[in-house]
Amino acid sequence: MHRYRFVLFRPLQFLPVLFGISVITFVLVRLIPGDPARVLLGTRSTPEAIANIRAQYGLDEPMWLQYLYFLQNLASGQMGKSILYKIDVLKLIATRIEPTLVLVLVSVVLSILIAVPLAAISARASGRWPDHVIRLVSTSGIGFPPFWLALMLIILLSVNAGIFPVSGYGNSLAEKAAHLVLPSLTIALSLSAVLTRSLRAAMIVELQSDLATAARARGMPESIVFWRHVLPNSIVPTINLLAVNIGWLIGGTVVVETVFAIPGMGQLLVRAIFSRDYMVVQGVAMTFACATVMVNFIADILTVTADPRVKI
């Protein structure tokens, strides 16, 4: 179990990372042009009303003091109060986290279900026409932006075919599942293109490895060699690649939620940026940062579990 000793001290290494993210987030949010008090009250607001709003939310304090208040709120398990929604940011995020979490999980599962068969076919047919077709499709998929894929899927499967809803989230479980098909497929198609290329390259290396050659020499069928030896040893680079792309996945979620009008954290972030709701932007950014750190931590554990030779 000494391979898992990093689990004890790795969380301590995340603290400076989260601190740096909090500083960068705080500064960048304050650099957004516009006054949140003026945005909230409108163009006919009076200077007295603007001053009252700024005093109420501490916006009239020096920036370093505002940051100390922000850290104090984080230490006490709070993220301040939303200027636009008039409720605690943590409670607001709690009401929006379900659609985003489900969307990310379903997208990852779909991308794996797409990438593994395509990579297996491409690796086993390396240099032949199935390999060329899959490589062409995966390369093209990397170049398509998520918002363009989303619009094409809406036109094909919603407007023309009428199979899935255009936008929204629904109320019942069946409605939510139907509304999440196109957003999840949009993210999965983009992510699976990256995973397919990485997994194909790893599989080709493992197919030519000494372990696979020895297994064939013992008379094992090629299918057994592939699924028992080649695929498990090819998973480790894909796990690391998936963890590295979690930031891109979160960014894609923000775009997709906006296109499909899903009431998740991505849509909340976009609206908060346009309304200059500093507390909400900081809270969502810190939540995304914690999620990214946690995913990388889980990826390290899975990597060590999948390959005992790896030491972290």
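**Labels and the values behind them**

Modeller: Let me start with valine 281, which has a relative accessibility of 7% and counts as buried. Please keep in mind that this is a predicted model.

Colleague: What makes 7% enough for valine 281 to count as buried?
Modeller: Buried means under 20% relative accessible area. Valine 281 has 7%, so it counts as buried. The residue lies in helix H13, and beyond its neighbours within four places in sequence it is in contact with Thr25, Val29, Leu269, Ala272 and Ile273.

Colleague: Threonine 25 is on that list. Why is threonine 25 called buried?
Modeller: Its relative accessible area is 12%, and the limit is under 20%, so threonine 25 is buried. Threonine 25 sits in helix H1, residues 6–30. Neighbours within four places aside, its contacts are Val281, Gln282 and Ala285.

Colleague: Which residues touch the most other members of the largest nonpolar core?
Modeller: That core has 23 residues, and the ones with the most partners in it are Val89, Ile93, Leu269, Val280, Val284 and Phe288. Two or more residues each come from helix H3 (47–56), helix H5 (89–124), helix H11 (246–260), helix H12 (265–274) and helix H13 (278–306). H13 gives the most, with 6 residues. As a general background, nonpolar side chains tend to be buried together in soluble globular proteins.

Colleague: What is valine 284 in contact with, leaving aside its neighbours within four places in sequence?
Modeller: Valine 284 is in contact with Ile93, Met265, Leu268 and Leu269. There is also a second, separate core of 18 residues, with Leu153, Leu195, Leu249 and Val256 among them.

Colleague: On to charges. How many salt bridges does the structure hold?
Modeller: It holds 3. One of the pairs is glutamate 98 with lysine 176, where the closest N and O atoms are 3.2 Å apart.

Colleague: How do you know that the glutamate 98 and lysine 176 pair is a salt bridge?
Modeller: A salt bridge needs a side-chain nitrogen of Lys or Arg within 4 Å of a carboxyl oxygen of Asp or Glu. The closest N and O atoms of this pair are 3.2 Å apart, so the label applies. Glutamate 98 is in helix H5 and lysine 176 in helix H8 (residues 173–207), so the pair ties together parts 78 residues apart in sequence.

Colleague: Which residues are linked in a network of salt bridges?
Modeller: Asp131, Arg135 and Arg200 are linked in this way. Aspartate 131 pairs with arginine 135 at 3.9 Å between the closest N and O atoms, and arginine 200 pairs with aspartate 131 at 2.8 Å. The pair of arginine 200 in helix H8 and aspartate 131 in helix H6 links distant parts of the chain, 69 residues apart. Aspartate 131 and arginine 135, by contrast, both lie in helix H6 (residues 129–143), 4 residues apart, about one turn of the helix.

Colleague: Where is alanine 261 found?
Modeller: Alanine 261 is in the loop between H11 and H12. Its phi is near 55°, a positive value in a residue other than glycine. Most residues other than glycine have a negative phi.

Colleague: How do H5 and H11 cross?
Modeller: Their axes come within 11 Å and cross at roughly 115°, and the crossing is right-handed. Thr100, Leu103, Val104 and Val108 in H5 meet Leu249, Thr253 and Glu257 in H11. By class, that contact has 4 nonpolar, 2 polar and 1 charged residues.

Methods: Residues numbered from 1 in each chain as written. Predicted model: local features only at pLDDT ≥ 70, side-chain atom pairs only at ≥ 80, totals over all residues. Heavy atoms only, no water. Core = buried A, V, L, I, M, F, W, Y, C linked by side-chain atoms within 4.5 Å. Buried < 20%, exposed > 50% of the residue type's maximum accessible area, 1.4 Å probe, protein only. Contact = heavy atoms within 4.5 Å. Axes fitted to C-alpha atoms, helices over the stretch in contact; angles between N-to-C directions. Left-handed = near helix turned anticlockwise from the far one by under 90°. Nonpolar A, V, L, I, M, F, W, Y, C, P; charged D, E, K, R; others polar.
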